[in-house]
Amino acid sequence: MLVIAAPGQGAQTPGFLSPWLDLPGFADRIAAWSDLAGCDLIRYGTTAGQDEITDTAVAQPLLVAAALAAAEALAGDLTQASRQAGIAAGHSVGELGAGAIAGVISPGDAMRLVGVRGRAMAKAAAAEATGMTAVLGGAQDEVLAALEAHGLTPANVNGAGQIVAAGTMAQLAELAADPPPRARLRPLPVAGAFHTEHMAPAVAALREAAAGVAVRDPATVLLSNADGKAVASGQDWLDRIVIQVSAPVRWDECMHSMAGLGASALIELPPGGTLTGLARRALPGLALAALKTPSQLGAARSLLAEHGTPELPQPGHVPEWRLLVSPLAGTFRAAGPDEEAATGSHVRPGATLGHVEVKSGQHLVSPAFSATILEWLVEDGDPVSTGQPLVRLLPEPA
């Protein structure tokens with residue numbers, strides 16, 4: 001199970017895009033997306049200084065464009081990236097890149113939206129001097145209590161001992177003078193208190209821009225920063241993207257879902273390093289590749305081949321086993337004993353293997369092919385999330 005992840009604001013560094021522009025077609029894609037986003041992404045990604053690329057209106061489209069173009073370079077195109085990735089996820093603005101990789105929106109619409117998002121958040125940030133500080137280490141309860149005492153918001157709960165505090169510069173200064181026990185503070189190169197109430201004015205602008213965007217349901221498991229769960233539909237994802245501008249990012253919950261879904265490898269799109277660093281500490285044993293330059297594409301493609309879903313089966317080929325996953329978040333209920341859903345049983349297409357109970361009723365868990373049940377991954381009464389593997393099956397040859 002492979003995760004393709006797109007980083008968020010603060011990951012950008014001066015000139016990080018330069019080596020990528022030598023790849024065939026890469027510069028053309030970035031130039032076309034510059035027009036959609038409303039800024040010269042090639043210049044900002046190559047010759048601009050740190051102050052320029054810290055500007056929210058620049059940083060956000062630059063990161064999304066880099067992630068999408070690199071995903072195409074990695075897999076051939078976004079459709080192949082989606083087919084081979086078991087899970088797509090993005091941190092903060094990276095969610096727009098992840099949504100395009102999962103096929104929910106087109107790359108063009110992602111770039112139009114991120115242009116609006118970046119400008120609206122930059123405008124909101126200019127209304128008052130605000131910022132963000134990473135709090136590294138310390139006990140989570142003590143860190144959260146310290147943030148609350150100073151009127152700050154835990155805007156990013158990143159896991160692996162990292163929480164990002166956001167608020168006014170005065171509040172952040174008070175935190176610096178009175179840090180939580182055993183914690184280190186690191187101010188972040190961002191222009192405002194993102195994912196807090198300070199960004200509320202940007203929500204309306206993004207909602208208006210999103211109203212005309214066509215969406216499709218995800219082609220792969222797509223995790224949401226709101227709660228770490230897989231989104232149920234394209235419209236649900238778009239609604240969450242709008243609200244998320246002023247709501248905290250729960251990357252810790254995203255990583256928890258990755259573990260629950262059986263993730264075995266993670267590729268972080270450029271400028272890679274931040275999310276793989278968090279995964280290295282929170283998800284030990286996960287194979288990792290952080291794409292910083294094109295020279296690392298070979299290693300990432302090796303992970304794609306080893307851990308990704310095969311692009312298309314050859315004629316007559318049947319995978320050794322397949323997973324049935326939960327259609328919704330709810331409670332799993334196993335089938336009755338008379339329905340022969342025990343391990344080792346042969347099941348026909350449409351057989352009832354169980355149900356997922358939600359408030360609106362029950363949703364059937366059923367294979368679309370003849371198979372033998374190899375292993376149940378949940379038990380009767382277990383809470384399950386959308387996209388969570390439920391049972392492993394051995395299909396019969398066609």
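Predicted model: local features only at pLDDT ≥ 70, side-chain atom pairs only at ≥ 80, totals over all residues.
Residues are counted from 1 along each chain as its sequence is written, and local features need pLDDT of at least 70, with side-chain atom pairs counted only at pLDDT 80 or more, while totals for chains, interfaces and linings use all residues. Side-chain values rest on heavy atoms, with hydrogens and water left out.

The sheet first. Helices (H or I, at least four residues) and strands (E, at least two) are DSSP runs numbered from the N terminus, and two strands pair if DSSP finds at least two bridges between them. Five strands make up an open, parallel sheet in the order S7-S2-S1-S8-S9. Strand S7 (221–222) and S9 sit at the edges with a single partner strand each, so one side of each has no neighbour in the sheet. S1 and S8 run parallel and are joined by four bridges; Ala5 has Glu268 in S8 as its bridge partner. Helix H6 (residues 94–101) packs on the sheet, touching S1, strand S2 (87–90) and S7, with its direction at about 155° to that of S2. H12 packs on the sheet too, against S1, S2 and S8, at about 170° to S2. These angles run from 0 to 180 degrees between N-to-C directions, with axes fitted to C-alpha atoms, for helices over the stretch in contact.

Next, the cores. A nonpolar core is a set of buried Ala, Val, Leu, Ile, Met, Phe, Trp, Tyr and Cys residues joined through side-chain atoms within 4.5 Å, where buried means under 20% relative accessible area (1.4 Å probe, protein chains only). The largest has 81 residues, and Ile30, Leu96, Ile105, Trp237, Ile267 and Leu269 touch the most other members. Helix H4 (residues 56–75) brings the largest share, 13 residues. A second, separate core of 20 residues includes Leu275 and Leu278.

Both of those leucines are among the buried residues of helix H13 (residues 274–282). The buried part of H13 packs (heavy atoms within 4.5 Å) against elements including strand S4 (153–159), strand S5 (162–168) and helix H12 (251–260).

H13 also gives the most to the lining of the second largest pocket, five residues. A pocket here is an open set of points on a 1 Å grid over the protein atoms alone, where a 1.4 Å probe fits, with protein on both sides within 12 Å along at least five of seven lines; lining residues have an atom within 4 Å of a point. This pocket holds about 420 Å³, and of its 26 lining residues, Gln9, Gly10, Gln162, Leu188 and Thr274 are the closest to its centre.

Terms used: Buried < 20%, exposed > 50% of the residue type's maximum accessible area, 1.4 Å probe, protein only. Points joined across faces, edges and corners; volume = space filled by probe spheres on them.
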